[in-house]
Amino acid sequence: MNAKERLEKVIDNIEKVIIGKRNIAELSIVAMLSHGHVLLEDVPGVGKTMLVRALAKSVGADFKRIQFTPDLLPSDVIGVSIYNPKDMEFHFRPGPIMGNIILADEINRTSPKTQSSLLEAMEEASVTIDGVTMQIPKPFFVMATQNPIEYEGTYPLPEAQLDRFLLKIKMGYPTPKEEMEVLNRAQSAAPIEELTSVISLNELLELQKQVKTIKVDETIRSYIVDLSRQTRQDAYVYLGVSPRGSIALMKASQAYALLKGRDYVTPDDVQYLAKFVFGHRIMLRSEARYDGITAEEITERILAKTRVPVQRLVGQ
Amino acid sequence: MTSIRKNKLFMAVLYVLVFFMLAEWLTPVIVLTETGHKALFLIFIAVGLWMAFLRVPWWFSGPIKILYILWFIIYVYTGNVFFTGEAISFLRTDFGMNFSALTSQNWAQTTDVFRTVLFFVLLWMAIYLIHYWVSFRLSIFLFYLLTVVFIAVLDTFSPYSGETAIVRIMVIGLLLAGLLHLARWMEGHRILERTDKMAMFAVPLVLLVALSTALALYLPKAGPIWPDPVPFITSFSGQGGVGSGGSVGRIGYGVDDSRLGGSFIGDDTAVFQVEVSEGQYWKVESKDVYTTKGWELTENIGESFIYGNSETVDTDFESGEEELESAFLSMEQGFPFVLYPYGTQSFSMEDSLDYQYSTADQRFETYQNGQEFEPEAYEISFTEPSYSLAALRETNPEELAELPAEFGRFLQLPEELPDRVRDLAAEVTESSDTVYDKTRAIERYFSIAGFEYSQSDIPVPEADQDYVDQFLFDTKRGYCDNFSTSMVVMLRSLDIPARWVKGFNEGELINSEGGTDVYQVTNNNAHSWVEAYMPGVGWMLFEPTIGFTGSSSIDFDLELDPTDPEQPDQQEQPIAEQPGSADDEEAAAASGSSFWNRSIDFISDNRWKLIWAFVGIALLGTILFKIRHKWMPKLLVSYYRMGRGRSVRFEKAYLRLLKQLELYGIHRRPGQTLKSYAAYIDSFFGTREMSELTEAYERTVYGGDAESVDWHELRESRENLINRTSG
């Protein structure tokens, strides 16, 4: 069974629970395969938690959920050393971060201090407490959710932190037809309980390795760089996509190509993922907000005007 | 997706319309050739179309059609309704006759049955062709256009009246073209064939056709813009021949030369065959009055002499001194006169005959018992005249003034003759002293002054134009009439008597045995040349037309020239002087610069021609460039076909395809990926090929995996697409 079939099984499995969100499931897997993390931005109740749980169950991973509240402390996330009077030593009690798949719910409701503790763990895939560094088990995949910024009582994530998420996805409401199907399924027993894993964690790790072998032609690399550079030159953009963003786009494209059963990246992959990779990495000037221009629209515009490479580079 | 081609009702309607269209083709053919049994031919067409409509396999439909044709032959030619023994034996004997006639290339012996079969085969092909157009190409416009042209031409040039037929054809054709356009459109946009969709288009179509037809019938019609072309054309073609006027004439001997000019088309109808030792110019007559447009003959002038068989005749040309030769002419076209070579002594033929010679036009008319007679074969005794070079060298222009008054008519020139013609004649002959040299100078002038021989695109002079002037100064291209008339006129302007002669040139050598050549002379050999009078020598033949060698065959004879011992010195002097007049250095310098001079002369002489040629080439180039998406793919398809399995070639071919699609008008936006572009192309054409090709291309370019691309398999897809964009 090749990578594509395996991954499709996972997606099919998720689809049993989440109706009509195949692309979200795909993108989640893309992020997971390329060692990235996802920022889900949407209103509550559209199935964010269900998606993560279904994903965790499908790959047989350990699932943890952290509900971020304003009074949550870093130690509540990464764990704490507790003094044991019996042997007169500190013992580390791992926090919820020490799992495979973490749902960090409403991440923008907690203090920046706690936020950064999570984000550092995401970037390093390890936590350091009292001078002791501990690896987080692999695979490690965080799916953070946040309510849209305009909601009250939130701490917007700083730019540098946002950059650590590979993709930002908006879930969106289901269509009326899909919503009726949701109701239909909700009448019977919760389907999430019936899900079984379709691939093992080891297989997942194997696939993660495979992603790195996907060929990214020089033409594609130059295309990615072109796109990133364009974001930095746009008149509406205050801060464009960083080189880390370019890397993210390339990695995500590789994973997406694997998901589509190809061993090379095409411009279509890049175009498709650019919207999700760039969306949270472009900081707009205030003029853009006055003109009602969003980062997604900027990305669309750049995609439309940047020449797609259709020939081998000269000398190849 | 159900293609509209699958809709039986729709296709049935198309085939019925096609049947009526074909019937419109058949009707005039049947009417004009007076063939009967129109109904049986129509049944053949109907059966053929019906089987094509039902997609009957060829092994079934073919025999049925052949059986029908055989039955038709039996029924029509023997009256039998069934395949009786008698009928079959008729078929067998007829087949044998035709087969032997065909194998012996005796086309005239084939029977009507054979022609009937050929006609059926033609109908068969027509049915197949239209079936193909309608079912596969979904296009009928060309056939429709041809039908209209066909009926219009027949209506104009034949007794067939297409007045109602053209209305029927318009209605049928518009319906057919409209429905086929609908079919193409629905296919192109992948619209499912559904009755309501079709009705949405078909009902307005029918209404529009009906409305426009009704309106066209009701509205008053303008009269013809041009007069009926038929009398106009027949008035010229009836008198066709060298010397007839009109836009395009048919070459051949004609009587009326009053309006020269116009183009000619060749006509290789045989006129006569002649056995003779050497090819001759065959004279018919001459004309003396130049009218600025052509030639006429002075009326009521000259004398007539009547000769009998083998009697020595007296023409203006003395026979030469060599032995008499014989020429046997067998005519293939009837003329009431004889054709004769220069130096003719006598005529003879089996019938007793009078040869009436007229000094006015030097024509020998033939009479039998006082009636005009067209001889079929006759023998001529003749010797080519020879002229003394010494005598020719003595032809003093001053002697011209002393010629008797009867030469006046050979000096006639119209008053309107432009002065520049006279000036040119004087200029050309400036350095010549004798009459003979002057004549030769004019004869040579045409071949050295950039004149061109051509039978096509030769104008007829307008009312205020002079035929000679137009040729000498404006067009500088023409055929024998232009050259000979011009020479006569130029000679006359120098007071040298000259006349314009008509007849035939040598013809084509078709056989040569034992010193006798057989020449075939056709209408293409109709010719005109010049006779000029050399004082003290007599009339001589001159051939100014480029490419004709008439004068050489009747050349003067140097060896037999009886000359004084003193004279050779005098003769050679001018010849010797010429090379001596320039030293070597000067000659070298002259040849060096003469190349430039000649080039510059050529450019300035042909300035307009060159400009037009340049403009023409530029225009052609532009047009070819503009429509390159039409023809280039076809070249490229074969070009890329030659490459075998090379991925580089595939990439090039693919990029070429992209360009072709761009030219076709489907633009790829800069930010559009090949895949989405391919999807659009495929949805546009209703194909899958572009996506397949693109996937393979992406694998080569982005995946760097050239080996796995099966270029052979993809080639067909690519060619299919290319053809779609260039169709």
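In this predicted model, the axes of helix α12 (residues 435–448) of chain B and helix α14 (residues 480–493) of chain B come within 10 Å and cross at roughly 145 degrees. Helices (H or I, at least four residues) and strands (E, at least two) are DSSP runs, numbered from the N terminus. Axes are lines fitted to C-alpha atoms, for helices over the stretch in contact, and angles run from 0 to 180 degrees between N-to-C directions. Residues are numbered from 1 along each chain as its sequence is written, while chains are lettered from A and ligands numbered from 1 in the order in which they are written. Local features need pLDDT of at least 70 and side-chain atom pairs count only at pLDDT 80 or more, whereas totals for chains, interfaces and linings use all residues.

**Helix packing in chain B**

- The crossing of α12(B) and α14(B) is right-handed, a term for a near helix turned clockwise from the far one by less than a right angle (anticlockwise is left-handed).
- On the α12(B) side the contact is made by T439(B), I442(B), E443(B) and F446(B), which meet F483(B), M487(B), M490(B) and L491(B) of α14(B); two residues are in contact if their C-beta atoms, placed from the backbone, lie within 7 Å.
- This contact of α12(B) with α14(B) comprises six nonpolar, one polar and one charged residues. Ala, Val, Leu, Ile, Met, Phe, Trp, Tyr, Cys and Pro count as nonpolar, Asp, Glu, Lys and Arg as charged, and the others, Gly among them, as polar.
- Helix α2 (residues 38–53) of chain B packs with helix α5 (residues 112–137) of chain B at an angle of about 35 degrees, their axes being 10 Å apart, and this crossing is right-handed.
- Among the residues in contact there, F41(B) and F44(B) belong to α2(B), and F120(B) and W124(B) to α5(B); by class, the contact has nine nonpolar, two polar and no charged residues.

**Nonpolar cores**

- The largest nonpolar core has 106 residues, and L167(A), A252(A) and V277(A) have the most contacts inside it. Such a core is a set of buried Ala, Val, Leu, Ile, Met, Phe, Trp, Tyr and Cys residues joined through C-beta atoms within 7 Å.
- Helix α10 (residues 243–259) of chain A supplies the largest share of this core, nine residues.
- Apart from this core lies another, of 70 residues, among them Y281(B), Y357(B), M490(B) and I496(B).
- In soluble globular proteins, nonpolar side chains tend to be buried together.

**Sheet in chain A**

- Five strands of chain A form an open sheet in the order β2-β5-β8-β1-β9, with parallel pairing; two strands pair if DSSP finds at least two bridges between them.
- Because β2 (63–67) and β9 (167–169) of chain A each have a single partner strand, they stand at the edges, and one side of each is left without a neighbour in the sheet.
- Within the sheet, β5(A) and β8(A) pair over four bridges, and I101(A) stands opposite F141(A) in β8(A).

**Backbone features in chain A**

- K138(A) and P139(A) are joined by a cis peptide bond with omega about -10 degrees, and P139(A) is placed in the loop between β7 (132–135) and β8 (141–146) of chain A.
- Although not a glycine, E106(A) has a positive phi of about 50 degrees. E106(A) is partly exposed, with 18 other C-beta atoms within 10 Å; a residue is buried with 20 or more other C-beta atoms within 10 Å of its own, exposed with 12 or fewer, and partly exposed in between, C-beta atoms being placed from the backbone.
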